[in-house]
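Hi,

Here is the model I promised to pass on. Have a look at it first, and my notes follow below.

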Amino acid sequence: MTRWAAAGLLTLALLGGCADGQAPVMGQAALGAVKFESSDGRTLAIRDLQGKPTLLFFGFTHCPEVCPLSLVKAVQIKQLLGPAAAQLQVAFVTVDPQRDTPAHLREYLAAFDTTFLGLAADEPGTRAIAESLGVSYRRVGEGDMATFEHTASWFLLGADGQLQDVYGYAMNERDIVEKLRVRLAVAGGIARP
């Protein structure tokens, strides 16, 4: 068999393996393809959050410090935005879908703000979404004592579902609100005070 024939057979074998729908979805396509179970009972993709700007965070409910502090920051951001906060949705994507069921996410997030949306997918789907936004995470330990090291940034998706901005963990809520107001005013969203 020639080298070209072997390469052709290999290509067909690889494509054949993708035909069963098991190929991982990567990149921006993952935002529309990966389905999540939400804390409000819906099945949706990140792209389904279109219609209003979304602050998206990746974390887990057993997180001892970073996640709860980040959610408190989101509450403060909404307070600082005042009435304009109604134009912004906050979504929390769990990196621990084995423990963070939609019902558990609903209960956990209600302690911060009942409008916050929790999203849980399977591990491959979560990984694809995380990688498409440049989020990294890894499990440390096993069982009930497991924790995760993870990116602790907020991601602003515009009303069109496209990534607009990233706000790092160290950025304070007032600076985030200023950036939000500028970013969203350009898009015709939240007006400046």
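One definition before anything else: by contact I mean heavy atoms within 4.5 Å. This is a predicted model, so bear in mind that local features need pLDDT of at least 70 and side-chain atom pairs count only at pLDDT 80 or more, while totals for chains, interfaces and linings use all residues. Residues are numbered from 1 along each chain as its sequence is written, and side-chain values use heavy atoms, with hydrogens and water left out.

The overall picture first. The protein chain has six helices and nine strands (DSSP runs numbered from the N terminus: helices are H or I with at least four residues, strands are E with at least two). Of its 193 residues, 42% are buried, meaning under 20% relative accessible area; exposed is over 50% and partly exposed is in between, with a 1.4 Å probe and protein chains only. Among contacts with a separation of 6 or more, 68% are between residues 24 or more positions apart.

Now the spot I'd look at first. An unreviewed UniProt entry puts the feature "binding site" at Cys63, Cys67 and His150. (UniProt positions are in the numbering used here, feature names are shortened, and annotations may be inferred rather than shown by experiment.) These residues span 88 residues in sequence, but no two of their C-alpha atoms are more than 10.2 Å apart, so they gather at one spot.

Taking His150: it sits in strand 7 and is buried, at 17% relative accessible area. Ignoring residues up to four places away in sequence, His150 touches Phe57, Phe58, Gly59, Phe60, Cys63, Val66, Cys67, Ser136 and Tyr137. A polar atom of the His150 side chain is also 3.2 Å from the backbone oxygen of Phe58. Cys67 belongs to helix 3 (residues 66-81) and is buried too, with a relative accessible area of 0%. Beyond its neighbours within four places in sequence, the contacts of Cys67 include Phe57, Phe92, Tyr108 and His150.

Phe57, Phe92, Tyr108, Phe112 and Trp154 make up one aromatic cluster. There are seven aromatic pairs in the structure (rings of Phe, Tyr and Trp, the last by its six-membered ring, with centres within 6.5 Å; planes under 30 degrees apart are stacked, over 60 edge-to-face, and the rest tilted). In one of them, the ring centres of Tyr137 and Phe148 are 6.4 Å apart with planes at 55°, so the pair is tilted. Tyr137 is in strand 6 (residues 137-140) and Phe148 in strand 7 (residues 147-150), so this pair ties together parts 11 residues apart in sequence. Tyr137 is buried at 6%, and Phe148 at 9%.

Tyr137 has a charge over its face as well: Arg127, at 3.9 Å from the ring centre. Lys73 does likewise for Tyr169, at 5.5 Å. The criterion is NZ of Lys or CZ of Arg within 6 Å of the ring centre and within 35 degrees of the ring normal.

Last, strand 8 (residues 154-157). Trp154 and Leu156 on one side and Phe155 and Leu157 on the other are all buried, covering both faces. Strand 8 runs antiparallel to strand 3 (residues 54-59), joined by four bridges, with Leu55 opposite Leu156. Strands pair here if DSSP finds at least two bridges between them. Four bridges also link strand 8 to strand 9 (residues 163-167), again antiparallel, and Trp154 has Tyr167 as its bridge partner there.

Cheers

Methods:
Polar contact = N/O pair within 3.5 Å; in protein donor to acceptor, adjacent residues only side chain to side chain.
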